Amino acid sequence: METYKHIRNTVQLGELYRLRSLKNSDIQCVQYVGDGQSAVFVFLDHERYGDPLQRITLRGLKEESLYRFVLDDREIVKSGAYLMQAGIGLRLCGDYDSRLLILEEINA
């Protein structure tokens, strides 16, 4: 509940980007971008064999800004330009695996 309260304004009032769809991808991925924050929801509906790494390129960020997020218990800081061009590598394994990434702009 605390997590949702933290991202509620971004999800309710922010811009929605549909990054991937299960119709043409192995994963479902949506991103919300709001005032200095972005929430990225990633969902794998069933196990895929081979490389479990998914590269997600984001949208709607400020190229010149830096964004902080936590991935696999590591704090990472990347520029908006990097996140929109190179993206984030996520490992999803097993049926119904999912991730929520919360990116905070640190030099607004």
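A residue counts as buried when its relative accessible area is under 20%, as exposed when it is over 50%, and as partly exposed in between (1.4 Å probe, protein chains only). The model is predicted, so local features need pLDDT of at least 70 and side-chain atom pairs count only at pLDDT 80 or more, while totals for chains, interfaces and linings use all residues. Residues are numbered from 1 along each chain as its sequence is written, and side-chain values use heavy atoms, with hydrogens and water left out.

Aromatic rings make a friendly starting point. Rings of Phe, Tyr and Trp (its six-membered ring) pair if their centres lie within 6.5 Å; planes under 30 degrees apart count as stacked, over 60 as edge-to-face and the rest as tilted. Searching the whole structure gives two such pairs. In one, the ring centres of Tyr32 and Phe41 are 6.0 Å apart and the planes meet at 85°, so this pair is edge-to-face. Tyr32 is buried, at 18% relative accessibility, whereas Phe41 is partly exposed at 30%.

In the pair of Phe43 and Tyr96, the centres are 6.3 Å apart and the planes are at 25°, so the rings are stacked. Phe43 belongs to strand β3 (residues 37–44) and Tyr96 to the loop between β7 (88–91) and β8 (98–105), so the pair ties together parts that are 53 residues apart in sequence. Strands here are DSSP runs (E, at least two residues), numbered from the N terminus. Phe43 is partly exposed, with a relative accessible area of 30%, and Tyr96 is exposed, at 60%.

Attention now turns to the interior. A nonpolar core is a set of buried Ala, Val, Leu, Ile, Met, Phe, Trp, Tyr and Cys residues joined through side-chain atoms within 4.5 Å. The largest one has 21 residues, and Leu58, Leu83, Ile88 and Leu103 have the most contacts inside it. At least two residues of this core come from each of β1 (15–20), β2 (27–34), β3, β5 (66–71), β7 and β8. Another core, of five residues, lies apart from it and includes Ile7, Val11, Val30 and Tyr32.

Leaving aside neighbours within four places in sequence, Leu58 touches residues including Leu19, Val40, Met84 and Leu103. Ile88, found in strand β7, is buried at 4% relative accessibility. With the neighbours within four places again left aside, the contacts of Ile88 include Gln54, Arg55, Leu58 and Phe69.

Technical notes
Helix = DSSP H or I, 4+ residues; strand = E, 2+ residues; numbered from the N terminus. Contact = heavy atoms within 4.5 Å.
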